[in-house]
Amino acid sequence: SFNVMAESIQKSQNALEESKRSTENIVATVPSGLLTIGKNLEVLSINRSFCKLFNVTHEQVAGKTVDAVLQTIGLSKKCRDAIAERMPFRNLECLCSIPGKGELTLNLTLSGIHLAEEEEEESLLVIDNITERKRAEEELLKIGTAVEQTADCVVITDKNGIIQYVNTAFTKIFGYTKEEALGK
């Protein structure tokens, strides 16, 4: 019976190790930068995406204070202060300047990590590079403003000819309100 028990323990330990490897692989390949913060505001771990985004190695970051790491990567003081408060937040946009990459716009999310029945001691910072999305939004805003302000009539329809958009010039030229034209 001792051998059966030892074999059962070994199987459980192997399953646990496999689960740990699987979790580590998932975390390593997530496209968002991940940074785990300890109860004393020290960096506990980072993933590959964090390293790639900020041109750092795990060895350069591990064990340092979060503020020192975030200051090194050029994150604004406002964002560093929000992280230091350790109050969870979502969708905090921050700017940072990275040598060789220029100024980036980042979207930050800070969540508490609950360890069993204990109080929250660690936090997870998720960092997404939204620079390209922000540039595209700005470009669309410029185009939208130009279309809206042009003196030429602009009508956009779907593939069936149903009106999806009209500009101000359309309403002035034809006398229909936007609400009257949309969907017709």
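Colleague: Cysteine 51: buried or exposed?
Modeller: The model is a predicted one. Cysteine 51 has a relative accessibility of 17%. Buried means under 20%, so cysteine 51 counts as buried.

Colleague: How far is the nearest cysteine sulfur from that of cysteine 96?
Modeller: Cysteine 96 takes part in no disulfide. The cut-off for a disulfide is sulfur atoms within 2.5 Å. The nearest cysteine sulfur belongs to cysteine 94, and its distance is 8.7 Å.

Colleague: What is the relative accessible area of cysteine 96?
Modeller: Buried means under 20%. Cysteine 96 is buried, because its relative accessible area is 2%.

Colleague: How far apart are the sulfur atoms of cysteine 79 and cysteine 94?
Modeller: The disulfide count is one. Cysteine 79 and cysteine 94 form a disulfide. Their sulfur atoms are separated by 1.7 Å.

Colleague: What is the angle about the S-S bond of cysteine 79 and cysteine 94, and how far apart in sequence are the parts they tie together?
Modeller: The link is left-handed, at -105 degrees about the S-S bond. Cysteine 79 lies in helix H5 (residues 77-85), and cysteine 94 lies in strand E3 (residues 89-98). The pair therefore ties together parts whose distance in sequence is 15 residues.

Colleague: Which cysteine has the sulfur nearest to that of cysteine 51?
Modeller: Cysteine 79 and cysteine 94 are both buried. Cysteine 51, by contrast with that bonded pair, is in no disulfide. At 15 Å, the nearest cysteine sulfur is that of cysteine 96.

Colleague: How are the rings of phenylalanine 50 and phenylalanine 54 arranged: stacked, edge-to-face or tilted?
Modeller: The count of aromatic pairs is two. For phenylalanine 50 and phenylalanine 54, the ring centres are 4.8 Å apart and the planes stand at 55 degrees. Stacked needs under 30 degrees and edge-to-face over 60, so this pair is tilted.

Colleague: Which helix holds phenylalanine 50 and phenylalanine 54, and what is the relative accessible area of each?
Modeller: Both sit in helix H2 (residues 48-54); they are four residues apart, so about one helical turn separates them. Phenylalanine 50 is buried at 0%. Phenylalanine 54 is buried as well, at 4%.

Colleague: What is the angle between the ring planes of phenylalanine 170 and phenylalanine 174?
Modeller: These two form an aromatic pair with a centre-to-centre distance of 5.1 Å. The pair is tilted, with a plane angle of 45 degrees.

Colleague: Where do phenylalanine 170 and phenylalanine 174 lie, and how does phenylalanine 174 count: buried, partly exposed or exposed?
Modeller: Both lie in helix H7 (residues 168-174), four residues and about one turn apart. Phenylalanine 170 is buried, with a relative accessible area of 8%.

Colleague: Which element gives the largest share of the largest nonpolar core?
Modeller: That core has 29 residues; among those with the most contacts inside it are Phe50, Phe54 and Leu106. Elements supplying at least two residues each include H2, H5, strand E4 (102-113) and strand E5 (122-129). The largest share is five residues, from E3.

Colleague: In what order do the strands of the open sheet run, and which two stand at the edges?
Modeller: Five strands pair in an antiparallel way, in the order E2-E1-E5-E4-E3. Two of them have a single partner strand each, so one side of each lacks a neighbour in the sheet. Those edge strands are E2 and E3.

Colleague: Which residue in E2 stands opposite threonine 36?
Modeller: E1 and E2 pair over three bridges, in the antiparallel sense. Opposite threonine 36 stands serine 45.

Colleague: Which strands does helix H6 touch?
Modeller: H5 lies across E1, E3, E4 and E5, at about 135 degrees to E3. Helix H6 (residues 131-149) also packs on the sheet, its direction at about 120 degrees to that of E4.

Conventions: Residues are numbered from 1 along each chain as its sequence is written. This is a predicted model: local features need pLDDT of at least 70, side-chain atom pairs count only at pLDDT 80 or more; totals for chains, interfaces and linings use all residues. Side-chain values use heavy atoms; hydrogens and water are left out. Rings of Phe, Tyr and Trp (its six-membered ring) pair if their centres lie within 6.5 Å; planes under 30 degrees apart count as stacked, over 60 as edge-to-face and the rest as tilted. Buried means under 20% relative accessible area, exposed over 50%, partly exposed in between (1.4 Å probe, protein chains only). A nonpolar core is a set of buried Ala, Val, Leu, Ile, Met, Phe, Trp, Tyr and Cys residues joined through side-chain atoms within 4.5 Å. Two strands pair if DSSP finds at least two bridges between them. Contact means heavy atoms within 4.5 Å. Axes are lines fitted to C-alpha atoms, for helices over the stretch in contact, and angles run from 0 to 180 degrees between N-to-C directions.
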